[in-house]
Amino acid sequence: MFNKIKSMFGGGKALPDKLTSDKEQEILKNGSKAEKLALAAHPDARPEVLYYLAEDASVDVRRQIATNPKTPVQADAILVNDIDEEVRSELARKIGRMIPSLGEGEQGALSDKALVVLDQLAQDQLPKIRSIVAEEIKKSSIVPKEIVEKLARDVADIVCGPILEYSPLLNEDDLREIIAAGASSGALTAIAKRGDVSENVSGDIAATLDIPAISALLTNENAYIREETLDQIIDQAKSVEDLHQPLALRPQLSIRAMKRIAGFVASALVHAMMEQSDLEENQAEDLLDRVRDRLQEENVGDEEEAKLAAKALDFAERGLINDEFLIKEVDENRREFVIQCLAVIADLPSATVRKIIHSKSGRAVTALSWRAKLTMRTAYYLQTRFALVPNAQLLSAKDGKDYPLDEDELDWHLSYFIDQDE
C-alpha cells in the first residue's frame, strides 16, 4: 500500500520494506509529499513517527494516518479535531470498525483514550461523521451504552436510524422513552424494523399515527402486535390507502381482522390476503361475500361515470388498453375505470359489464374477457382479483394459456347478460 501511494504521487525510490529510524527522520525533515504518504502507510513505521505525521500540513498525509490501523491512539486524539471532514470520516470508519470487531475477552484492551475518541466522533458537528460511527457500531454489544444512547437520540435520521434498528444494547424501556420523547418518522420506522419488537413498543408506535412507521411495523414478521393495537391500526387504515397493502398482507391475521380489512381494501388485496392465510372454504366464501356486497354498494355518480367512460374511450382509441394495462388498473383498485375500459373494448354497455363482474360466474367473466380480446391469463386474473369468483366457479386456462371453452359457448354465456339488458 505504502509504495502504491508513493507511486501515485510520483517521485523517488520506493521505501524499503524495513525502515530505519534514520530513514524515517530523513523523510520527516526533507521528504516529499509522496514519501510522507508512503511512510504514513508503512506497516513498520514507528508510533512516534505516525504521531508526528498526524499534524502534517498535507491533508492527504493526515487522511492516511487516520486510515492506518497502526496509528497510536494519541495521534487519533489529535485527528478527531482535524479541520478536514474526510480525515475525521476515515478516523470514524477505522475506530468504528476496530471496536465492534473485538471479542468479549478483548474489551479490556480498549484504552480510555480510544473510547474518548469514539465518543468525540459520535458528537461530531457533521451528521456524516456521526452516521459513520453509528453504522459501524450498530450491532456491537461491547461499545459503551452511553455512546449508543447519544446516537439513538440524535436528531439526524441517518445517525439514529442504524442504532435504533439494530443495537442490542437498547431495551424496551429505552425504545419506549425515545418514542415518548417525540421521535421523528425515520426514527420510528427504524424501531419498527427491529428484529424483535415487543407488544408495548408496537402499541407506542401505533399510537403515534405515523404512516411509514406503522407500515414498517405491519410488514415486520418479528413485531408482536396486540389485537387491540391492530384494531386501532385498522380504524386508521380505512382512510389511509398507504396502509392497505401492509395491513392486508400482515402474517397470521385473525378471521375477525380479515373481515374488517375486507370491508375497505381493494378486492385484489383481499384475494392476496386469503391466499396467504389457511382459510377453510366456508370462511373464504364468507369473506368474499362481504367484499361483493361492499362493491355492489359502491356506486359512482353519473357525472363521474361519464368522465371515466370518456377517459376509457380516449385510452382505447390511442391503443393504450391491453392486458398489462388492465391488470395494473385492477391492482391500483380503479374499479369503475376498469369496468368502463372493459365496456369500451368489449363493445358492451357498462351496466352489462357491471352485472357480469357481480355475477360470481367464472364462465361469464371469461366470456367477457374473450369478447374484449384479452388473454386467458388476464381472464383468470379478472375472475380472481376483480370479480372475486368463488373457487368452485373459477375457470382455468386450457394447456396453461388457451381459453377452455369454444366460441359458441363463450358467446352463449355473454348473450344471457346482453339479453337481460335489451
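How many cavities of 30 Å³ or more does a search of the whole structure find? The search finds 1. This is a predicted model, in which local features need pLDDT of at least 70 and side-chain atom pairs count only at pLDDT 80 or more, while totals for chains, interfaces and linings use all residues. Residues are numbered from 1 along each chain as its sequence is written, and side-chain values use heavy atoms, with hydrogens and water left out.

**The cavity**

- A cavity is a set of points on a 1 Å grid over the protein atoms alone where a 1.4 Å probe fits but cannot get out, and its lining residues have an atom within 4 Å of a point.
- The largest cavity has a volume of about 60 Å³, a volume being the space filled by probe spheres set on the points.
- Its lining includes R292, L295 and F386.

**Salt bridges**

- The whole structure holds 38 salt bridges, each a side-chain nitrogen of Lys or Arg within 4 Å of a carboxyl oxygen of Asp or Glu.
- R292 and D289 meet in one of them (2.6 Å, N to O).
- R354 forms a salt bridge with E336, with the closest N and O atoms 2.4 Å apart.
- E227, D231, D235, R256 and R260 are linked in a network of salt bridges.

**Accessibility of the paired residues**

- R292 is buried at 8% relative accessibility, where buried means under 20% relative accessible area, exposed over 50% and partly exposed in between (1.4 Å probe, protein chains only).
- D289 is partly exposed at 26%.
- R354 is buried at 18%, and E336 is buried at 12%.

Methods: 1 Å grid on protein atoms, 1.4 Å probe; cavity = no way out; pocket = protein on both sides within 12 Å on 5 of 7 lines; lining within 4 Å.
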